[in-house]
Amino acid sequence: MTNTIDIEHLTVSFRSKRRAALFRKSPRVKALDDISLHIKEGETFGLTGETGSGKSTLAKVLVGLYKPTSGTVRLLGKEIDFEDKNDIAYLRQNVGIVLQDPVRSLNPRLTVEEIVTEALIASKTFPKEKYKERIDHIARLVGVTKDLLPRYPRELSGGQRQRVSLARALVVPKKLLVLDEPTSALDVSIQAQVLNTLKKLKSELDMSFLFITHDINVIKYVSHRLGVLFYGKLVETGDVRDIAMAPKHPYTQKLISNVLTLGMPSVREVSITEHRPAPTGCRYRLVCKSAFGKCHDIPPALNLGSGHIVSCFLYEEGLTPLEELAPVKAVPERPSLAIPVPELATHQVPDSGPGAASAEGTRASPDPAP
Ligand SMILES: Nc1ncnc2c1ncn2[C@@H]1O[C@H](COP(=O)(O)OP(=O)(O)OP(=O)(O)O)[C@@H](O)[C@H]1O
Ligand code: SF4
Ligand SMILES: [Mg+2]
């Protein structure tokens, strides 16, 4: 199986405008710091992390809205030059995005049909006489019924708007769909419908997903592999069930333990880091109970087997974290996720198996955090 996306040593820094007034030269915020990950064809990669950890920054790089400060992004093996308009067009042709807020991301002056048609016109890949057929096909696939086509976004429910966002993202065939918290603005039953729709789409369409969410249960439901971000660093990646059952990085352990013991599936609700990240070395070391001398350096990405990658010195030393908790027996299912979506029940879709894990992770940066 080949990779849809290869990200190597990706760093994205921003100049902090707010603090620019206080400093002669404004400091840089590293939203992503030396991230490496790969998403295979047909795979759903889940990405989680607390607020501000860099999830949306990664999403925006993948559709050409942000440029990397350093590192490379390859789409279907082709390295993207973010200064080249043709490469950005190629990226946008092949990577779709669905944003968290379906209200603000849909043009209020256009009807649903016009919103979806606009995407077709912009792509220049479909002849005009095929528009109707294509829109009907995608609308049926994502559960946008015919009566919704002449309506304006304000006349739709939250779930319907999110389906329209999906239709717009998918009407031109894509290789990768980036979903940046696509269900967090929706109530639980609508969330379940949208997630079930995504699962069906996954089987129907030949594409990969990058699924960003704060909700561990959602990730477990939709993803094959999981990546955990902590202040711009990818601290752990691997098979989603391996990480859910036996997290290895002290941060992931605490994250998953809090989610389970406090019964809160959302990482957003779990306040773990009462301190700012360490400015040098391992970013988690000011909070980590297991920190030791070596942790003043940047931990390497260590492959513990089966593509389970952890950035932590403990595993280099054959140690286990002090915070290691009793093994998790099972991550509770969210019952509502099993709600069937009636309008999709008629589609015959082949099953798609989980993608195999691949080696990946963060690597030591030659230029530690600012
Ligand atoms: N355009 C920008 N200019 C300056 N700083 C930015 C910009 N975009 C993001 N950042 C900063 O980069 C960091 C990561 O932001 P990002 O939006 O990627 O986080 P996130 O993980 O998506 O958070 P959330 O869960 O709240 O959506 C934050 O410190 C944020 O303030
Ligand atoms: S590298 Fe050190 S500080 Fe960082 S998570 Fe591992 S033990 Fe803790
Ligand atoms: Mg975000």
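This is a predicted model: local features need pLDDT of at least 70, side-chain atom pairs count only at pLDDT 80 or more; totals for chains, interfaces and linings use all residues.
Start with the core. The largest nonpolar core holds 87 residues. Val142, Ala167, Val178 and Leu210 have the most contacts inside it. Where does this core lie? Domain 1 (3-20 + 39-214 + 336-347) and domain 2 (226-316) both contribute residues, so the core lies between them. In soluble globular proteins, nonpolar side chains tend to be buried together.

Look at leucine 210. Leaving out residues up to four places away in sequence, Leu210 touches Ile39, Phe45, Leu47, Leu62, Leu176, Val178 and Leu179.

Next, helix α5. Residues 112-123 form this helix, twelve in number. From first C-alpha to last, α5 reaches 17 Å. That is close to the 16 Å expected at 1.5 Å a residue. Which residues of α5 are buried? Val112, Glu113, Ile115, Val116, Thr117 and Leu120. The buried residues pack against α6 (131-142) and α7 (158-170). Just after the helix comes lysine 124, with a positive phi of about 55°.

Now the ligands. Around ligand 1 sit Phe14, Val29, Ala31, Gly49, Thr51, Gly52, Ser53, Gly54, Lys55, Ser56 and Thr57. By class, that shell has seven polar, three nonpolar and one charged residues. Both β2 (28-40) and α2 (55-62) supply at least two residues each. The largest share, three residues, comes from α2.

Ligand 2 has its own shell. Among its residues are Cys282, Cys288, Cys295 and Cys312. Pro250, Tyr284 and Arg285 are also included. How does this shell divide by class? Ten residues are nonpolar, one is polar and one is charged.

Conventions
Residues are numbered from 1 along each chain as its sequence is written. Chains are lettered from A and ligands numbered from 1 in the order in which they are written. A residue is near a molecule or strand if its C-beta atom, placed from the backbone, lies within 6 Å of it. Ala, Val, Leu, Ile, Met, Phe, Trp, Tyr, Cys and Pro count as nonpolar, Asp, Glu, Lys and Arg as charged, and the others, Gly among them, as polar. A nonpolar core is a set of buried Ala, Val, Leu, Ile, Met, Phe, Trp, Tyr and Cys residues joined through C-beta atoms within 7 Å. A residue is buried if 20 or more other C-beta atoms lie within 10 Å of its own, exposed if 12 or fewer, and partly exposed in between; C-beta atoms are placed from the backbone. Domain bounds come from an automatic or database domain assignment. Two residues are in contact if their C-beta atoms, placed from the backbone, lie within 7 Å. Helices (H or I, at least four residues) and strands (E, at least two) are DSSP runs, numbered from the N terminus. The expected span of a helix is 1.5 Å times one less than its number of residues.
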